[in-house]
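Subject: Handing over the structure

Hello,

Here is the structure I promised to pass on to you. Please open it beside this message, and then read on for what was found.

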Amino acid sequence: MMLPTPCFRRPVLRAALLLSLAGLLGGCGKSPAPAGSAPAVKIGFFVKQPEEPWFQLEWKFAEQAARDHGFTLIKTGANDGEKALAAIDAFAAAGAQGFVICTPDTKLGPAIVNKAKAAGLKLLTVDDQFLGADGQPLKNVHYLGISARKIGETVGDLLAAEMKRRGFNPADTAVCAVTFDELATAKERTDGATARLQAAGIPADRIFRAPMRTPDIPGSLEAVSTLLTRQPGIKHWLVCGTNDNAVLGGIRALEGRNFAPESSVGIGINGTDCIVELEKAKPTSFHGSILLSAKDHGYKTAEMLYRWIKDGVEPPLDTRTVGTFITRENFRQVLKEQGIRE
Ligand code: GLA
């Protein structure tokens with residue numbers, strides 16, 4: 001079941017909508033609960049950027065959990081705080097008992113918690129941890145997210161190794177960190193990567209930050225283009241960022257300045273939003289990515305909430321997931337193993 005959301009033009013989203021409606025009408029193939037028995041479980045799943053493959057995969061795996069356990073999933077999303085709050089009312093009106101959310105704005109955390117409480121809905125946060133009024137994480141709200149600092153550090157180590165392998169002259173090499181510090185998990189990733197690159201010998205004054213105004217490819221393209229204009233002397237760029245799209249925007253900016261593919265290296269995070277890039281016949285400067293577990297973030301969160309609603313089993317307050325390095329060499333195999341590609 002999918003609540004109305006703006007601008008779902010992509011085929012995969014249309015397909016998701018049809019599937020959801022089929023689930024609603026058909027109750028996922030289950031007959032209605034007999035009178036007197038517990039009401040059928042319904043779970044909402046709100047994501048902040050429904051156009052991103054990462055979030056579409058979270059939904060896909062949550063759908064799988066719904067099929068396996070026989071609950072109804074109500075999917076909706078928008079990069080808009082008002083819509084996130086309105087979705088909570090819509091979940092309650094649709095008869096849901098709880099919802100998973102990746103909020104468009106982590107500062108909305110207390111408002112979302114209050115609304116969920118008022119509507120009697122259980123709540124599990126995924127990807128982006130809520131912040132309280134003091135700017136600190138709301139640690140009493142159940143959360144599943146990545147080990148952001150550690151994954152960022154891995155990206156830094158891999159970029160340093162790649163610099164050495166390609167024989168880049170350190171004197172002509174610099175780091176471009178495509179940042180989005182408004183989001184704690186994003187900041188931890190780029191802070192982790194840049195700390196390791198500095199530890200690997202890149203001087204602090206050659207580690208440049210390209211802050212994105214919007215966390216997407218256009219936002220990164222703009223930020224990195226500005227950096228390249230300011231730093232015309234660099235021959236080799238090592239690009240890290242908050243996720244695949246942040247790094248892809250940086251790679252597109254380098255191409256716009258005629259950097260040869262082998263002259264620079266970018267490593268992303270997500271591993272789901274760079275598949276088309278890795279499939280390109282000719283390699284680009286996008287070397288690889290840390291593939292996160294969309295299955296844990298989609299299936300496991302929905303399942304934990306289901307068990308909480310149905311059996312009263314409260315999920316752990318804080319669950320962290322890890323990633324796997326993928327490159328052009330191994331991505332097909334790893335994506336297959338993880339159930340992302342056939
Ligand atoms: C954030 C990012 C997403 C993805 C998730 C993973 O929400 O915006 O692209 O990396 O974290 O938890």
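First, the ground rules. This is a predicted model, in which local features need pLDDT of at least 70 and side-chain atom pairs count only at pLDDT 80 or more, while totals for chains, interfaces and linings use all residues. Residues are numbered from 1 along each chain as its sequence is written.

**The chain as a whole**

The chain has eleven helices and twelve strands; these are DSSP runs numbered from the N terminus, helices being H or I with at least four residues and strands being E with at least two. Of the 342 residues in the chain, 48% are buried. Here a residue is buried if 20 or more other C-beta atoms lie within 10 Å of its own, exposed if 12 or fewer, and partly exposed in between, with C-beta atoms placed from the backbone. Among contacts with a separation of 6 or more, 73% link residues 24 or more positions apart; a contact is a pair whose C-beta atoms, placed from the backbone, lie within 7 Å.

**The parallel sheet**

Six strands make an open sheet in the order E2-E1-E3-E4-E5-E11, and their pairing is parallel. Two strands pair if DSSP finds at least two bridges between them. At the edges are strand E2 (72–77) and strand E11 (318–321), each pairing on one side only. Neighbouring strands are turned by 15 degrees against each other on average, direction ignored. Axes are lines fitted to C-alpha atoms, for helices over the stretch in contact, and angles run from 0 to 180 degrees between N-to-C directions. Within this sheet, strand E1 (residues 42–47) and strand E3 (residues 98–101) run parallel and are joined by four bridges, with Gly98 in E3 as the bridge partner of Ile43.

**The mixed sheet**

Another open sheet of six strands has the order E7-E6-E8-E9-E10-E12, with mixed pairing. E7 and strand E12 (323–327) are its edges; each has a single partner strand, so one side of each is left without a neighbour in the sheet. The twist from one strand to the next averages 20 degrees.

Strand E6 (residues 173–179) is worth a look: seven of its seven residues are buried. Thr173, Val175, Ala177 and Thr179 cover one side, and Ala174, Cys176 and Val178 the other. E6 pairs in the parallel sense with strand E8 (residues 236–241) over six bridges, where Ala174 stands opposite Trp237. E6 also pairs in the parallel sense with strand E7 (residues 207–211), over five bridges, and there Thr179 stands opposite Pro211. By contrast, E10 and E12 pair in the antiparallel sense over five bridges, with Ser289 opposite Ile326 in E12.

Two helices lie across these strands. Helix H6 (residues 184–199) lies across E6, E7, E8 and E9 and runs at about 170 degrees to E6. Helix H8 (residues 244–256) lies across E6, E7, E8, E9 and E10, at about 155 degrees to E9.

**Around the ligand**

Which residues surround the ligand? They are Trp54, Cys102, Asp127, Asp128, Gly145, Ile146, Thr185, Pro215, Asn243, Ile269, Asn270 and Leu292, where a residue is near a molecule if its C-beta atom, placed from the backbone, lies within 6 Å of it. Strand E5 (143–146) and strand E9 (265–270) are the elements that give two or more residues to this shell. The shell divides into six nonpolar, four polar and two charged residues; Ala, Val, Leu, Ile, Met, Phe, Trp, Tyr, Cys and Pro count as nonpolar, Asp, Glu, Lys and Arg as charged, and the others, Gly among them, as polar. Domain 1 (11–141 + 293–321) and domain 2 (148–292) each supply at least three residues to the shell, the bounds coming from an automatic or database domain assignment.

Asp127, in the loop between strand E4 (122–126) and E5, has a positive phi of about 70 degrees although it is not a glycine. Asp127 counts as buried because it has 24 C-beta neighbours inside 10 Å. Asn270 lies in strand E9 and has a positive phi too, near 125 degrees; with 25 C-beta neighbours inside 10 Å, Asn270 is buried as well. Leu292 is found in strand E10 (residues 286–292) and is buried, with 26 other C-beta atoms within 10 Å. Leaving aside neighbours within four places in sequence, Leu292 is in contact with Ile146, Ile269, Asn270, Gly271, Thr321 and Gly323.

Best wishes
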